[in-house]
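Biologist: I am new to this structure and would like to go through it slowly, asking at each step what a term rests on. Could you show it first?

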Amino acid sequence: MTTMQAAVVKEFGKDLIIEAVPVPTPGAGQALVKLITSGVCHTDLHAIEGDWPVKPTPPFIPGHEGVGDVVAIGEGVTEIKVGDRVGNAWLWSACGTCQYCRTGWETLCEAQINGGYSVDGSFGEYMIVDAKFAVPLPKDADPVDIAPILCAGVTVYKGLKMTEAIAGQWVVISGIGGLGHIAVQYAKAMGFRVVAVDVADDKLALATKHGAEIVINALNENPVEVIQAKTGGAHGVLVTAVHPAAFGQAIGMTRRGGTIVFNGLPAGDFPAPIFDIVLKGLTIRGSIVGTRQDMEEALAFYNRGEIHPTVSSRTLGEVNTVLDEMRHGKIDGRVVIQY
Ligand code: NAD
Ligand code: ZN
Ligand code: ZN
């Protein structure tokens with residue numbers, strides 16, 4: 001039996017165990033991918049902590065921003081071949097036949113399988129992908145640089161579309177972490193004017209570097225007051241923060257008729273003032289990753305040179321340190337594991 005090194009969650013809230021596990025065999029419609037890199041998303045941390053109502057079942061291997069090359073294919077695979085560069089994604093597969101899949105909402109499929117959650121992901125030297133949902137990637141792209149597009153990129157691109165803002169309008173990006181610093185760049189590329197909000201000055205410096213016009217540290221200033229005074233209220237707000245407080249604040253940041261999109265998924269609730277929502281005619285919606293079509297569009301922005309993730313690369317052996325840094329908000333941009 002051939003084995004590979006992987007980082008395995010054995011128990012929620014505990015360090016991942018790095019150990020030798022069997023290299024999986026691709027089943028029908030699947031491919032085996034030898035990984036080159038994998039981004040580390042805050043969703044991996046939620047998975048490891050068991051933060052959400054629907055939990056994965058340990059032992060499992062997290063990771064849904066994996067980039068690698070196909071080394072074997074299972075029966076009946078026609079979409080990809082050995083040697084192709086592909087990625088995995090949170091939307092590892094969907095049924096293809098339900099009402100959601102049929103209407104362009106495969107991200108809402110109730111039978112979907114999630115990478116690094118309900119099926120093993122990319123925190124190991126090899127992973128399995130569903131050939132119909134593997135993300136085709138260009139071979140000339142830097143595998144460290146492109147990894148964050150597979151979740152952070154597609155998620156914020158779709159989230160920004162869901163704000164229904166148009167070029168020239170104000171958009172707030174609340175939370176300038178792995179998702180948020182890329183959201184600033186998509187927002188700029190989509191023609192929006194950007195306000196960035198975070199609770200750490202180094203994150204705001206990153207937002208300025210990537211094109212934010214106004215930056216606000218929510219610990220030092222009241223973001224609602226500053227945004228209303230400087231912009232008249234934002235047309236769209238995208239919340240990628242990992243603290244529930246940012247979700248309630250978004251309501252006050254918005255202009256009348258504006259749309260708030262939630263990407264962040266911290267455990268918890270927030271108070272929502274009914275009067276403001278009704279009188280201001282606000283729309284509040286959640287947005288979960290993106291479809292394969294959204295992924296293709298998000299990658300096209302990257303391939304045209306419009307998106308430059310701030311990345312640092314680490315080894316699989318450092319994964320527990322990286323997760324600890326993420327818990328404490330100490331990561332600039334995205335960390336990408338390099339195999
Ligand atoms: P990250 O840890 O890289 O970044 C989180 C950022 O939030 C940090 O910059 C932190 O300083 C900031 N923050 C914390 N408290 C804040 C506050 N009160 N106001 C403003 N900013 C605050 O995390 P990430 O990888 O960018 O993921 C962010 C969230 O998005 C996570 O909850 C993750 O699970 C979720 N996520 C959702 C989707 C989706 O499809 N909806 C996809 C990927 C990730
Ligand atoms: Zn993710
Ligand atoms: Zn479906």
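Biologist: Why is Q185 called buried?

Modeller: Q185 has a relative accessibility of 4%, and buried means under 20% relative accessible area, with exposed being over 50% and partly exposed in between, computed with a 1.4 Å probe and protein chains only; Q185 therefore counts as buried. Q185 belongs to helix α5, residues 178-189, where a helix is a DSSP run of H or I with at least four residues, a strand is a run of E with at least two, and both are numbered from the N terminus. This is a predicted model, in which local features need pLDDT of at least 70 and side-chain atom pairs count only at pLDDT 80 or more, while totals for chains, interfaces and linings use all residues. Residues are numbered from 1 along each chain as its sequence is written, chains are lettered from A and ligands numbered from 1 in the order in which they are written, and side-chain values use heavy atoms, with hydrogens and water left out.

Biologist: Which residues does Q185 touch, not counting those up to four places away in sequence?

Modeller: With that exclusion, Q185 touches H210, E306, I307, H308 and P309, contact meaning heavy atoms within 4.5 Å.

Biologist: What makes the site of the zinc ion (ligand 3) tetrahedral?

Modeller: Four donors count as tetrahedral if all angles lie between 85 and 135 degrees, and the angles among the 4 donor atoms here are 105 to 118°, so the site is tetrahedral. The zinc ion (ligand 3) is coordinated by the SG atoms of C95, C98, C101 and C109 at 2.3 to 2.4 Å, and donors are N, O and S atoms within 2.8 Å of the metal (3.2 Å for Na, K and Ca), with water not among the atoms, so sites may look incomplete. C95 is partly exposed, with a relative accessible area of 34%.

Biologist: Which residues coordinate the zinc ion (ligand 2)?

Modeller: The zinc ion (ligand 2) is coordinated by C41 (SG), H64 (NE2) and C151 (SG), at 2.0 to 2.3 Å. C41 lies in the loop between β3 (30-39) and α1 (42-49), and H64 in the loop between α1 and β4 (66-73), so that this pair, 23 residues apart, links distant parts of the chain. Both C41 and H64 are buried.

Biologist: Which polar side-chain atoms lie 2.7 Å and 2.8 Å from an oxygen atom of ligand 1?

Modeller: A polar side-chain atom of T43 lies at 2.7 Å, and one of H46 at 2.8 Å.

Notes
Tetrahedral: all angles 85-135°; square planar, octahedral: opposite > 155°, others 65-115°. Polar contact = N/O pair within 3.5 Å; in protein donor to acceptor, adjacent residues only side chain to side chain.
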